[in-house]
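Subject: Handing over the model

Dear colleague,

I am passing the structure on to you with this message, and my notes on it follow below.

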Amino acid sequence: MAQIRPFAGVRYARDPDFDLSNLIAPPYDVLDEAGKARLQSKHPNNIVTVDLPHLPPKTVGPDETYERANVTLKAWMSAKVLQKDHKPAIYPYTQTYTHGDRTFHRRGIFALVKLSPFGQGHVVPHEKTYPDAIQDRLKLTRATQMQLSPIFGLFSDPRSEVTGLVYKNLGKPEMSATMDSIRNDLWSISSSETVNTVGDLMGARPIYIADGHHRYTMALQYQKEVTEKFGKPLPPNHPANYAMFVLVGMQDDGLLILPTHRLIGGLSTFDIAAFTAAIASVATVTEVSIPESEIPHYIEMALPRQAAHTFGLFDGRTRKLHQITFTNPDVLKDLEPTHSPSWRKLDVAIVQRYLLDEILKPKFAAGKDPTRGYTADSRSVTAMTDGKQFQIAILLKSTPLHALEELGKTNEVMPQKSTFFFPKLATGLVMNSLE
């Protein structure tokens with residue numbers, strides 16, 4: 001049973017001298033040193049200074065970097081740069097963005113979600129986690145006593161009961177900010193009647209993590225540490241029992257999942273004819289005769305309309321596009337017999353476990369793990385696949401949402417980079433104090 005609750009969020013002061021667009025940031029794990037510096041150049045109080053105290057992201061820094069982040073955060077609180085709301089609330093949050101020739105409005109809700117271990121409750125993962133990334137976030141949370149950025153969660157809302165109720169009577173946004181051409185609007189709802197009704201409606205719905213697996217796993221570890229220090233089970237409403245989420249209905253018109261295309265290097269002997277022969281028993285390969293400039297359109301419009309388990313392959317040396325269509329939809333049955341049919345039929349699993357592990361690595365990379373890159377930007381694929389660093393790109397369709405639900409039933413996780421939910425949530429709109 002999913003349990004959500006309101007919270008008194010920590011937000012930037014609504015000051016005419018503050019342009020919130022200069023204070024928010026993308027999720028920490030998509031930034032590098034140049035990206036962090038660019039955000040800090042916008043305003044010295046940009047949240048990235050606290051949320052990303054150590055680079056590169058997902059690596060563990062020395063204790064003093066996290067302690068400096070805490071000193072900065074406390075200074076901002078003392079100077080009322082950041083202020084805690086007086087009343088607990090849930091926070092409607094809309095992102096307005098364009099993709100292709102369409103404008104989307106993705107409607108979400110900031111709320112706290114009660115923690116439950118994976119496989120034992122209402123929160124369902126779909127990706128693996130890695131120790132260093134968890135430890136980095138854990139050290140930051142210990143130091144700051146703050147949940148700085150939200151976890152992105154999805155829930156089924158086919159009749160828009162929850163979203164419709166939350167957005168029914170909203171007026172002008174309380175806070176607005178633009179980041180990377182994406183408008184972020186925020187409201188707050190402190191009405192106990194509305195909040196309680198939302199909680200009741202959410203009660204029986206599983207929450208699927210779209211983004212933020214490391215932060216959720218870290219929250220479980222933090223809860224365990226606090227419980228051990230407390231010496232007995234924590235009171236039900238203890239802040240360590242909850243994690244801050246943005247919850248979005250799976251049926252929301254603004255929810256967009258992009259595919260993450262694979263860029264493959266280290267294939268010194270790759271040849272399309274040899275590749276075609278190597279997979280002939282399970283798939284066909286045909287050339288797609290279009291100009292290179294039209295490949296983004298193929299990725300966005302033509303590929304999604306092809307038969308199931310169809311992929312694109314762009315050869316960086318010949319600059320030609322090919323299409324792979326699997327004639328055996330369960331090519332992984334013998335390779336991964338312990339996985340469910342739903343997992344084995346994921347396009348990302350077929351690429352990883354069959355094309356990379358069984359074909360490209362032994363036949364074209366001398367048995368060594370190929371170099372891998374990833375991009376969700378269809379317009380960057382051909383430029384990045386230069387024939388030198390990356391010899392080929394494997395182009396995918398989006399992973400369907402129902403796959404998260406199916407794998408949740410069997411407690412299986414997808415291969416790395418299976419989903420790319422666009423756009424990313426902003427960090428710095430609302431934070432949750434653990435003190």
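How much space lies in the second largest pocket? Before the answer, please keep in mind that this is a predicted model. The second largest pocket holds about 310 Å³ of space, and its lining is made up of 16 residues, with Lys128, Trp343, Gln352, Pro415 and Gln416 lying nearest the centre. Helix α11 provides the largest share of that lining, namely five residues, while α11 and β18 each contribute at least two residues to the lining. Sorted by class, the lining of this pocket consists of eight nonpolar, three polar and five charged residues.

Both of those elements lead on to the sheet. Six strands form an open sheet in the order β15-β17-β16-β19-β14-β18, and their pairing is antiparallel. The edges are taken by β15 (283–288) and β18 (371–375), each of which pairs on one side only, and from one strand to the next the twist averages 25°. Strand β18 is joined to β14 (residues 261–265) by five bridges, with the two strands running antiparallel, and within this pairing Leu263 has Gly373 of β18 as its bridge partner. Helix α11, which covers residues 347–364, lies across β14, β16 (310–315), β17 (320–326), β18 and β19 (392–395), and it runs at about 150° to β19.

The largest cavity contains about 140 Å³ of space and is lined by 14 residues, of which Gln147, Leu148, Ser149, Arg215 and Met218 lie nearest its centre. At least two lining residues come from each of α4 (131–144), β7 (146–147), α7 (213–230) and β12 (242–249), and by class the lining has eight nonpolar, three polar and three charged residues.

The second largest cavity has a volume of about 70 Å³, and the residues that line it are Pro27, Ser149, Pro150, Phe152, Asp211, Arg215, Lys424, Leu425 and Thr427. In terms of class, this lining comprises four nonpolar, two polar and three charged residues.

Leu55 and Pro56 are joined by a cis peptide bond with omega of about -5°, and Pro56 lies in the loop between α2 (48–51) and α3 (63–78). That loop between α2 and α3 also holds Lys58, whose phi is near 70°, a positive value in a residue other than glycine; Lys58 is partly exposed, its relative accessible area being 33%. Another cis peptide bond, again with omega of about -5°, joins Phe422 and Pro423, and Pro423 is found in the loop between β20 (420–422) and β21 (432–433). Asp180, although it is not a glycine, has a positive phi of about 55°; this residue sits in the loop between β9 (175–179) and β10 (182–186) and is exposed, with a relative accessible area of 61%.

With best regards

Notes
Residues are numbered from 1 along each chain as its sequence is written. This is a predicted model: local features need pLDDT of at least 70, side-chain atom pairs count only at pLDDT 80 or more; totals for chains, interfaces and linings use all residues. Side-chain values use heavy atoms; hydrogens and water are left out. Two strands pair if DSSP finds at least two bridges between them. Helices (H or I, at least four residues) and strands (E, at least two) are DSSP runs, numbered from the N terminus. Axes are lines fitted to C-alpha atoms, for helices over the stretch in contact, and angles run from 0 to 180 degrees between N-to-C directions. Contact means heavy atoms within 4.5 Å. On a 1 Å grid over the protein atoms alone, a cavity is a set of points where a 1.4 Å probe fits but cannot get out, and a pocket is an open set with protein on both sides within 12 Å along at least five of seven lines; lining residues have an atom within 4 Å of a point. Grid points are joined across faces, edges and corners, and a volume is the space filled by probe spheres set on the points. Ala, Val, Leu, Ile, Met, Phe, Trp, Tyr, Cys and Pro count as nonpolar, Asp, Glu, Lys and Arg as charged, and the others, Gly among them, as polar. Buried means under 20% relative accessible area, exposed over 50%, partly exposed in between (1.4 Å probe, protein chains only).
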